[in-house]
Amino acid sequence: MSFLTNKKLVIVGAAGAIGSTMAQLAAVKGLTNNIALYDPYLKGLEGVYEELRHCGFEGVNFTFTDNVEEALTGASFIISSGGAPRKEGMTREDLLKGNAQIAADFGDNVKKYCPNCEHIVVIFNPADVTGLVVLVKSGLKPNQVTTLAGLDSTRLQSELAKYFGIPQYAVSGCATLGGHGEKMVPVTSDVMVMGKPLSKYNIPADKFEEIKQKTIQGGSNIIALRGRSSNLSPAYVAIEMIEAAMGGKKFTLPAGCFVKDGMYGYKNVCMAMKSTIDENGVSYTEANLSADEKKALDASYEHLCKMRDEVIGMGVLPAVADWSKYNKNL
């Protein structure tokens with residue numbers, strides 16, 4: 001079996017449903033022959049390790065440990081699902097306090113044990129804030145840390161395809177920008193349905209609002225249906241993100257990334273942008289927004305700033321003016 005790279009990929013939270021699924025997908029896709037599994041829950045982690053061995057992947061060397069130093073040392077790529085999962089009735093923001101501290105500890109460990117890490121994908125909620133905390137604490141460059149947001153775009157694609165009764169691949173150009181939460185903004189300017197612009201179909205306003213709300217509540221719906229948080233879709237999209245950073249197929253769905261340069265008047269937050277991930281990391285450009293979409297994106301940005309400032313108030317992050325003392329790249 002050929003591999004995209006032989007560099008070390010670490011799956012943080014590998015004993016969980018998302019983490020174990022990511023480990024299997026990474027092996028199936030041949031991303032690397034060097035996959036390290038980390039989780040504090042050693043018994044469950046060993047169970048995942050044994051199952052992966054039972055798959056019989058040719059050439060893949062799986063290792064597992066509950067020792068964070070052992071796991072991260074020498075890591076080139078990391079995906080972290082290592083936070084508390086969302087439960088029924090919870091929003092992503094309800095996880096803020098506990099998961100922000102987990103992100104801070106994780107970022108500190110990256111800086112200590114693998115400062116030369118090339119790319120990290122953060123997927124535990126609220127991902128915009130946990131990703132920001134990891135970036136500040138890790139010392140990595142802004143293009144080296146991304147967060148899960150493309151999942152919202154595939155949910156929009158799915159809802160539109162169901163509305164029209166067509167295959168999902170017949171809908172393209174879907175994007176959700178801003179926060180990965182209740183304030184996300186579905187953007188439809190570039191959406192094509194069966195080769196025609198979405199605007200040509202004149203979806204009734206109430207139906208389109210329903211589509212948007214189903215997109216925003218896509219994760220909550222999975223929890224209601226399955227009794228637990230999503231694992232298949234976040235795992236797959238996260239693996240596609242890290243694959244792109246490893247030099248594989250470019251990832252062109254919106255990714256959560258650090259915005260510093262004042263695009264749209266925004267700065268010092270992580271949020272979903274029109275972006276591309278490749279072997280050089282993540283880059284972003286302006287999207288084609290309607291006046292209403294820009295207004296909604298402004299509100300999403302303000303919400304993210306509020307959560308960022310809340311984390312600063314907790315003492316998890318330093319004041320924005322002091323970030324460069326922790327991370328020279330900011």
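Modeller: The account below begins with strand β5 and then turns to other parts of the chain. The model is a predicted one.

Strand β5 comprises residues 119-122.

The partners of β5 come next. Strand β4, residues 77-80, is joined to β5 by four bridges, and the two strands run parallel. Within this pairing, Ile79 has Val121 of β5 as its bridge partner. Strand β6, residues 145-147, also pairs with β5 in the parallel sense, here over three bridges. In that pairing, Ile120 stands opposite Val145 of β6.

The loop between β5 and α5 holds Pro126. The peptide bond leading from Asn125 to Pro126 is cis, with an omega near -10 degrees. In general, most peptide bonds are trans, and most residues other than glycine have a negative phi.

Two residues elsewhere have a positive phi without being glycine. One of them is Asn202, with phi near 50 degrees. Asn202 is found in the loop between β11 and α7, the latter spanning residues 205-216. Is Asn202 buried or exposed? Asn202 has a relative accessible area of 62%, so this residue is exposed. The other is Tyr264, with phi near 65 degrees. Tyr264 belongs to the loop between β12, residues 255-259, and β13, residues 269-278. Tyr264 counts as buried because its relative accessibility is 17%, and the cut-off for buried is under 20%.

Three strands form an open sheet in the order β7-β10-β11, with antiparallel pairing. β7, residues 171-172, and β11, residues 196-197, stand at the edges; each has a single partner strand, so one side of each has no neighbour in the sheet. β7 and strand β10, residues 192-193, are joined by two bridges. In this pairing, Val171 has Val193 of β10 as its bridge partner.

Helix packing may be followed through α4, residues 96-113, and α10, residues 291-314. Their axes are 11 Å apart, and the helices pack at an angle of about 70 degrees. That angle falls within 65 to 115 degrees, so α4 is roughly perpendicular to α10. On the α4 side, the contact is made by Leu96, Lys97 and Ala100; on the α10 side, it is made by Met307, Glu310, Val311 and Met314. The residues of this contact divide into five nonpolar, no polar and two charged.

Helix α10 also holds Arg308. With a relative accessibility of 11%, Arg308 counts as buried. Apart from its neighbours within four places in sequence, Arg308 is in contact with Leu132, Lys267, Asn268, Val269, Val320 and Trp323.

Two further buried residues complete the account. Glu243 lies in helix α9, residues 232-245, and is buried at a relative accessible area of 14%. Leaving aside neighbours within four places in sequence, the contacts of Glu243 are Leu4, Lys29, Leu31, Gly248 and Lys249. Thr5 is located in the segment before β1, residues 9-12, and is buried with a relative accessible area of 14%. Although Thr5 and Thr32 are 27 residues apart in sequence, their C-alpha atoms are 5.0 Å apart in space. Not counting residues up to four places away in sequence, Thr5 touches Leu31, Thr32, Asn33 and Met246. Leu31 is therefore named in both lists, as a contact of Glu243 and as a contact of Thr5.

Note on methods
Residues are numbered from 1 along each chain as its sequence is written. This is a predicted model: local features need pLDDT of at least 70, side-chain atom pairs count only at pLDDT 80 or more; totals for chains, interfaces and linings use all residues. Side-chain values use heavy atoms; hydrogens and water are left out. Axes are lines fitted to C-alpha atoms, for helices over the stretch in contact, and angles run from 0 to 180 degrees between N-to-C directions. Angles under 35 degrees count as roughly parallel, over 145 as roughly antiparallel, 65 to 115 as roughly perpendicular and the rest as oblique. Contact means heavy atoms within 4.5 Å. Ala, Val, Leu, Ile, Met, Phe, Trp, Tyr, Cys and Pro count as nonpolar, Asp, Glu, Lys and Arg as charged, and the others, Gly among them, as polar. Two strands pair if DSSP finds at least two bridges between them. Buried means under 20% relative accessible area, exposed over 50%, partly exposed in between (1.4 Å probe, protein chains only).
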